[in-house]
Amino acid sequence: MYTVSDLYDLTHTAAAPLLAPCTYPWEALAGIGDFILNLGATLSAAEYDHPAENVWIAKSAKVAPTASITGPCIIGPETEVRHCAFIRGNALVGAGAVVGNSTELKNVILFDKVQVPHYNYVGDSILGYKAHMGAGSITSNVKSDKKLVVVRDGTAEVATGRKKVGAMVGDNVEVGCGSVLNPGTVLGRGCSVYPLSSVRGTVPAGCIYKCRGEVAQRQED
């Protein structure tokens, strides 16, 4: 339920060559920076600007002059980076995405058409195709005790071997405003999270997370 193939359609990201060999998506986190550097060197100068060291921005993207972008970073075609966005490096942002006002990114893969539009923090995380994080929702990527992050699904556990792991968010996920995705959270494809939630563990595909202990299967129309 939390493998790469469970969560993501890799036709919607330039990171497919990085993710495809991985069993679990968090295995790709360590390689994001190097992958961006290698990919960036191959990008067409006719399609991408190279305004700073290790930064490539599609000519069709719209980037506010107040945005702060540090490489390695690739901003995809038709993407919008809004006022005071803070991209701290190791960020691969797909096509048609929105990185909103005062949103911070660090060591992330955002698939095509991801929206993190208002006051979001996304760190050490992967957000799938058309995933949307409501205003003020964040990924928490370090445990309070600073121990290595473990991904949990009921009684099953998978050690990540990493101190920093945010959330693995599947395709077409909706995260409600003001929610916190705690370290190692996995949200299956097409699930929804109620506003002001604190989410831990794994939420199955197609489910609605209402609160801890209350997860409902979405009803088909």
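This is a predicted model: local features need pLDDT of at least 70, side-chain atom pairs count only at pLDDT 80 or more; totals for chains, interfaces and linings use all residues.

Is serine 137 buried or exposed? Its relative accessibility is 0%, and therefore serine 137 counts as buried. A polar atom of the serine 137 side chain lies 2.7 Å from the backbone oxygen of glycine 134. Setting aside neighbours within four places in sequence, the contacts of serine 137 include Tyr119, Asn120 and Tyr121, as well as Val175, Gly176, Gly178 and Ser179.

I contrast this with threonine 11, another loop residue, found between helix H1 (4-7) and helix H2 (16-19). Threonine 11 has a relative accessibility of 65%, so this residue counts as exposed. Its side chain makes a polar contact of 2.7 Å with the side chain of aspartate 9. Threonine 11 and aspartate 112 are 101 residues apart along the chain, while their C-alpha atoms are separated by 9.3 Å.

Next, the interior. In soluble globular proteins, nonpolar side chains tend to be buried together. Here the largest nonpolar core comprises 64 residues. Which residues have the most contacts inside this core? They are Trp26, Leu105, Leu110, Val116, Leu127, Met168 and Leu187.

I turn to the aromatic residues. How many aromatic pairs does a search of the whole structure find? The search finds four. In one of them, tyrosine 2 and tryptophan 26, the ring centres are 6.2 Å apart and the planes stand at 55 degrees, so the pair is tilted. Tyrosine 2 belongs to the segment before H1, and tryptophan 26 to the loop between H2 and helix H3 (32-40), so this pair ties together parts that are 24 residues apart in sequence. Both tyrosine 2 and tryptophan 26 are buried. Another pair consists of tyrosine 8 and phenylalanine 111: with centres 5.0 Å apart and planes at 25 degrees, which is under the 30-degree limit, the pair counts as stacked. This pair links distant parts of the chain, 103 residues apart, with tyrosine 8 in the loop between H1 and H2 and phenylalanine 111 in the loop between strand S10 (104-110) and strand S11 (115-118). Tyrosine 8 is buried at a relative accessible area of 3%, and phenylalanine 111 is buried at 0%. Finally on this topic, ring pairs join Tyr2, Tyr24 and Trp26 into a cluster.

The charged residues come next. Over the whole structure, the search finds seven salt bridges. One of them joins lysine 59 to aspartate 49, whose closest N and O atoms are 2.5 Å apart. Lysine 59 lies in the loop between strand S2 (55-58) and strand S3 (62-63), and aspartate 49 in strand S1 (residues 48-52), 10 residues apart. Lysine 59 is partly exposed, with a relative accessible area of 44%, and aspartate 49 is also partly exposed, with 34%.

Aspartate 124 is in strand S12 (residues 121-127) and lysine 106 in strand S10, so the pair ties together parts that are 18 residues apart in sequence.

I close with a hairpin. Strand S15 (residues 150-153) pairs with strand S16 (residues 156-159) in the antiparallel sense, over four bridges. Two residues separate S15 and S16 in this hairpin, and glycine 154 in the turn has a positive phi of about 65 degrees. Valine 151 stands opposite valine 158 in S16. A salt bridge also joins arginine 152 and glutamate 157, with the closest N and O atoms 3.0 Å apart. Arginine 152 itself is partly exposed, at a relative accessible area of 38%.

Definitions and conventions:
Residues are numbered from 1 along each chain as its sequence is written. Side-chain values use heavy atoms; hydrogens and water are left out. A nonpolar core is a set of buried Ala, Val, Leu, Ile, Met, Phe, Trp, Tyr and Cys residues joined through side-chain atoms within 4.5 Å. Buried means under 20% relative accessible area, exposed over 50%, partly exposed in between (1.4 Å probe, protein chains only). A polar contact is a pair of N or O atoms within 3.5 Å; within protein, one must be able to donate a hydrogen and the other to accept it, and residues adjacent in sequence count only if both atoms are side-chain atoms. Contact means heavy atoms within 4.5 Å. Two strands pair if DSSP finds at least two bridges between them. Rings of Phe, Tyr and Trp (its six-membered ring) pair if their centres lie within 6.5 Å; planes under 30 degrees apart count as stacked, over 60 as edge-to-face and the rest as tilted. A salt bridge is a side-chain nitrogen of Lys or Arg within 4 Å of a carboxyl oxygen of Asp or Glu.
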